[in-house]
Amino acid sequence: MIGAELTSRERVMRLFNSEEIDRPPCFSGMGNVTTEGLKKFGYKFAELHSDAKMMSDTAASSHRIFGFECGIVPFDLCVEAEALGCEINVYAHVEDILYPTIKKKLINNEDEMEISIPAGLQMRGRVPLVSETIGLLKKDIGDEVVVGTYVLGPFTLAGQIMELNDLLKLSFKKPDKVGKLLGLLSDAIIVIANQYEKAGADYITVREMGATSDVLSPRLFKNLILPYLKKIFEKLSIPSVIHICGKTNDIVTFMVETGATAISVDQKNDVVQTRQILGKDTLIFGNYDPYNVLVAGAPELVRETIKKCMDDSVSAIWPGCDVWPTVPPENFNAMMDEVKKYRS
């Protein structure tokens, strides 16, 4: 039995080590900056992506304001693509919440898929900035909570550096050609992930959202995506999570086969079925809807949803994707309160 109440950091690290904990932790491996955090410092959302201190401050604020049990950077999905040579738009002069997007692709047609990975990738684009931010976060809140980061999975990254529709078509028509690209991108992801490890990250999430079984068949996932995910997780030395969007019940066994410490599933996944398939010892993180419940729902819906997640035997309360910044404070507080008072 657990004696004194665990700290947030102890709780998550014990979970990753498959040790006994007092309750499921409530944390994430994806972005969770909030407008409340922005208001606390007077920062604009567009400024965060290119300033380590601002990024660290706002990443820590979700813990400081609401008791969220982690700090996560970066906040956008363009870091790897930018380091590889894509041009991005951070919408610097826009007041609203707009996430950076790819402005200029690296690959514009099938003939351009024979790319090479730039030397010194860990020092290109904003990779050094994210690494610096991880270090700042560790100094700020690292004694209290875990500090995490994420990278894109190879298929999702391929969908960033080239047109996604082209990638999907070629995955069916020319899987060998796509596989060669995924192999190169896996090498790039390993370089960046290892850099984040050196910076002090406690755990890392590989976000392979684009490889959802809503789009790709389980067979294609197994043959085309899984080998490269295995390649990445073999090179990680800290706790790791594989996140895939959509109704992933048909591929959860493959998600475990990647070698990740835990799997992350979104609100479309039938967690009860997933638990039955994978057994009691697999770490399953999920699976509330971070927008329709946490942002757009009432506090009562938040509480009902979070309690159901825990009743359905998730190992940790974890969002189906990034938490949208405009989450109402009363909803965030309701989520944290429901988790803290829960006893199975």
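In the protein chain, the mean positions of the 38 positive and 47 negative charges are 3 Å apart. Lys and Arg are counted as positive and Asp and Glu as negative, with His and the chain ends not counted; each charge is placed at NZ of Lys, CZ of Arg, CG of Asp or CD of Glu. The model is predicted, and local features need pLDDT of at least 70, side-chain atom pairs count only at pLDDT 80 or more, and totals for chains, interfaces and linings use all residues. Residues are numbered from 1 along each chain as its sequence is written, and side-chain values use heavy atoms, with hydrogens and water left out.

The protein chain contains 14 helices and nine strands, taken as DSSP runs (helices H or I, at least four residues; strands E, at least two) and numbered from the N terminus. Its radius of gyration is 19 Å, close to the 20 Å given by the globule rule for 344 residues, so the chain is as compact as a globular protein of that length. The radius is taken over C-alpha atoms, and the rule is 2.2 Å times the number of residues to the power 0.38. The C-alpha trace spans about 60 × 45 × 35 Å along its principal axes. Of the 344 residues, 58% count as buried. Buried means under 20% relative accessible area, exposed over 50%, and partly exposed in between (1.4 Å probe, protein chains only). Among contacts (heavy atoms within 4.5 Å) between residues at least 6 apart in sequence, 71% join residues at least 24 apart.

The structure holds 13 aromatic pairs. Rings of Phe, Tyr and Trp (its six-membered ring) pair if their centres lie within 6.5 Å; planes under 30 degrees apart count as stacked, over 60 as edge-to-face and the rest as tilted. One of the pairs, F27 with F285, is edge-to-face, at 5.5 Å centre to centre and 65 degrees between the planes. Because F27 lies in the loop between α1 (8–16) and α2 (35–41) and F285 in strand β8 (residues 284–288), this pair ties together parts that are 258 residues apart in sequence. Both F27 and F285 are buried. The rings of F221 and F254 have centres 6.3 Å apart and planes at 20 degrees, so this pair is stacked. Distant parts of the chain are linked here as well: F221 belongs to helix α10 (residues 218–234) and F254 to helix α11 (residues 252–257), 33 residues apart. F221 is buried at a relative accessible area of 0%, and F254 is buried at 13%.

Helix α9 (residues 175–199) includes S186, which is buried with a relative accessible area of 0%. Apart from neighbours within four places in sequence, S186 is in contact with P154, Y228, K231 and I232.

Backbone geometry was also examined. Most residues other than glycine have a negative phi, and most peptide bonds are trans. The peptide bond from V73 to P74 is cis, with omega near 5 degrees; P74 is found in the loop between β1 (70–72) and α5 (79–84). A cis peptide bond also runs from G286 to N287, with omega near -20 degrees, and N287 is found in strand β8. S18, although not a glycine, has a positive phi of about 60 degrees. This residue is found in the loop between α1 and α2 and counts as exposed at 61% relative accessibility. S313, likewise not a glycine, has a positive phi of about 75 degrees. S313 lies in the loop between α13 (299–311) and β9 (316–319) and, at 36% relative accessibility, counts as partly exposed.

Q267 is placed in the loop between β7 (262–265) and α12 (271–278) and counts as partly exposed at 34% relative accessibility. Leaving aside neighbours within four places in sequence, the contacts of Q267 are with N287, Y288, D289, P290 and G320. The C-alpha atoms of Q267 and C245 are 8.6 Å apart in space, with the two residues 22 apart in sequence.
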